Amino acid sequence: MTRERIPQAAGLALVLGFAIFPFVYTANDYPYIMHTLIACFFYAILASSWSMLSGYAGQFSFGHMGFTGVGAYTAALFSHYFYLSPVPTGFCTEFLIGGQYLVIVDAIGVTSSTLTQDCLRKALAVWDGSVQITPMPVWLGITLGTLMGGLFGLLIGLLVLPLRAAYLALFTLGFSEILRAALSAEISITRGQAGIELPYLFDAGITLFGRHFDKTDKLPPYFVMLFLLLFCLAIMLWLAKSKFGLFVRALREDQDAAAALGVNTTRYKILVFVLTSMMAAAAGAVMAHYIRIITPNNLMILQMSLVVAMAVIGGVENVVAAAIGAILINFALELLRNSFEIGPFTIDMTIWRLVVFGALLMVTLRFARNGLISPIIDYFTRGHVAKETVAKRVAGSETAEGPP
Amino acid sequence: MEFPHIFWWTFAWMIFWAVTGSIATRRAYLRRDLDTSNAPFVGAMLGASTGPLGLVPLCLNTPTLTTRFMVAPALASVAVLMIAFGFADPDNFCVSNGSFVASQIVNGLIIGIIYGFMALGLTLIFSILGVVSFAHGEFYMIGGMITYFLTAVWFPGMNPVIAISIACLSAFVLGAAFERLFLTPMYEGKVDRPVEYGILVTFGLAFTIQYFVQATAGANPLKASRYFDFPRIRLPTSADPWLIKTSRGNMELFDTVSISNPRFTAAVMCIIVFGALMFFLHRTWTGKALRAVSQDREAAAIAGINPDRMNMLAFALGGMIAALAGAMLVQAFSWLPQVGAIPALRSFVILVLGGLGSIPGAFVGGVIVGLFEAAGTGCLPDAQKAASYIPAYGMIILTLTLLLRPTGLFGRRFASGAHGKF
């Protein structure tokens, strides 16, 4: 096996390892480890799509968490307000669609359910169990969330076209903050800080490999998240290798030069925004269905800084490195939760781990600008390049009239 | 709101003509081969205030757009919006109660001065280093934290002036050390994209400081006691003090406007330091050197100024200004390790609104943001919603500025290095 193949083999082994891990691991903390790994995959999707946007295309956006929120909230609102019913309720806004009634529940905000009920609950009380209503399918909500993320990505991509560097960062931060403020202020629709509850990812349970999994089991969401991550990575790697990746990198290095050489900068800038925001939105929607509650605090700047830091520490110009960095760091942050004591002082690691993490981010930026993971990959895949270049140069100088 | 449709239809009408105006005016100016940098802004404001009446002559005549064309339509569109609001909601305090409006305006002005002062630090950093410091809010936070711990915990009864000076000095040292350790590779061309590097590394600093303070000081809200008491004043007579009436913690003007002591002292302090800073920047050699570097790095270096030292000074001074704002406001607000986030966002807004590295712009922008927030919180019919939207008001201004006039109010269009690009 040549040295260039080692990262590919290692990547394959890692994927296989993640695929068989849930079947071989049987320790007591199985649910905890599985939960941590799902969160790791979630952050890996965000970090790798953010590195595509900022590392490849050079669009330093701080609104990535906003797109995640768009996806999650679309899925949440969809499952919260839309139902199918075989008979009309008589209270709600409803449309007849293919023999079923599409019921749109009215928004009542956060109220005690004994005092005020939304129109569907009123109808259910009248029916007294004689009518079975169906909630909307979860996959439809996730799809809608992804599309809505893409739509917002298109909008933001169009608005930021003339902006560069610092201005882009501020604008996207502003978008994310406006979104957060609106979500926490419009209590009547989004229930504000109380958050919206969502149904399980597989509400009726699911049968996989001849085994039935309950809706609370961690294994199905684990594989959903893992497949989503692999799917996103595959798309991004394919794009990075194709013409698209080349154009987008040209955009990063010098936008005007790229435009002068015939790259449609507008189209590629918007495309990369739409694509990465769709990935973030899909991850957000799936994660929201997995943790089953979404609040505006999920869009906090802290979350954004975690994603940025993970991508930077992994390697911002390599989507795979960013994903691996996110998985490693999220896992390390979970393991570092235990507090310990040095003499009379108790070190509360739940906070100190974040201090260490911030310092690590600064030091990585200062001394290893390509991150910590991506140089390792480069060592194997491109290690021979330097030697070849030197060899060519030596050969070139020998054939020429001698050293200058 | 009593007649919401009046307001929302006016609003929709204004938005429609603003969008039409900004696009049409830009097209018209482009066709005549004229300078289009101001055209979208003037078009949008004129469209919003007068509708097609003002737009048609503008597009036909295409005069050279000067400040006169920019200020009047902008004020007119604000006035139109206010009148529509007045008709839509005649019972609102903002429309019916003059003294409420007066006190909102005064409070907006005072808080706006403090915001502007804080943004001044960011402007200084941005104009000289070309970096938007994402750690600005954390300098603000540690300024307040150090002052609180000095006056209340470590040395109770310490003179607040000394405590504030120590807090400022620590922020200055921290800023200088950070700049030397982490920002120097930017100037030597070792980083591919210096602006992004600066943003990320200050982001890391913000993260580290915030959690360091949370780990050491805890996450309980803290509040310093008042630094100074107002002297007891009753004017014109003590029986009928309609002009000025003060108690120790509050001042009342004309029986209507009430100003709390901490905010008043903070604003006065900010104005004094602003004056001192202006003197420093315009009258001393070092200040002139700072401004020279912000205008042209290479030329300043040729004239014998060491730009690297100016970078350090600018970053340290910027951090110190934020820390001073924090030290003054720790007596007014409760203090948490996360307290810096919202003022930092506001400073970003003011930085963009005021214009690239413009010091008067920072002050005017601060006052505008302060007034806008006061109007937003005071006038929105649903008080709870109004409070939840506080972080968004500034961001709306930011979005509008970036869309209509990315150079801001007083921005220079061409500057050296990375500053000129946006």
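What share of the contacts in chain A with a separation of 6 or more comes from residues 24 or more positions apart? In this predicted model, such residues account for 74% of those contacts. Chain A has 404 residues, and 43% of them are buried. Its C-alpha trace spans about 100 × 60 × 50 Å along the principal axes.

The secondary structure of chain A comprises 15 helices and ten strands. Four of the strands form an open sheet in the order β2-β3-β1-β4, with antiparallel pairing. The edges of this sheet are β2 (93–97) and β4 (134–135) of chain A; each has a single partner strand, so one side of each is left without a neighbour in the sheet. For β2(A), an antiparallel pairing with β3 (residues 100–104) of chain A runs over five bridges. One residue pair can be located directly: A:I97 has A:Q100, in β3(A), as its bridge partner.

The next topic is the contact between the two chains. Chain A contributes 35 residues to it, and chain B contributes 38 residues. On the side of chain B that touches chain A, the elements giving two or more residues are α9 (194–217), α14 (341–354), α16 (383–388) and α17 (390–404) of chain B. Among these, α9(B) supplies the largest share, 15 residues. By residue class, the side of chain B that touches chain A consists of 29 nonpolar, five polar and four charged residues.

Conventions: Residues are numbered from 1 along each chain as its sequence is written. Chains are lettered from A and ligands numbered from 1 in the order in which they are written. This is a predicted model: local features need pLDDT of at least 70, side-chain atom pairs count only at pLDDT 80 or more; totals for chains, interfaces and linings use all residues. Two residues are in contact if their C-beta atoms, placed from the backbone, lie within 7 Å. Ala, Val, Leu, Ile, Met, Phe, Trp, Tyr, Cys and Pro count as nonpolar, Asp, Glu, Lys and Arg as charged, and the others, Gly among them, as polar. A residue is buried if 20 or more other C-beta atoms lie within 10 Å of its own, exposed if 12 or fewer, and partly exposed in between; C-beta atoms are placed from the backbone. Two strands pair if DSSP finds at least two bridges between them.
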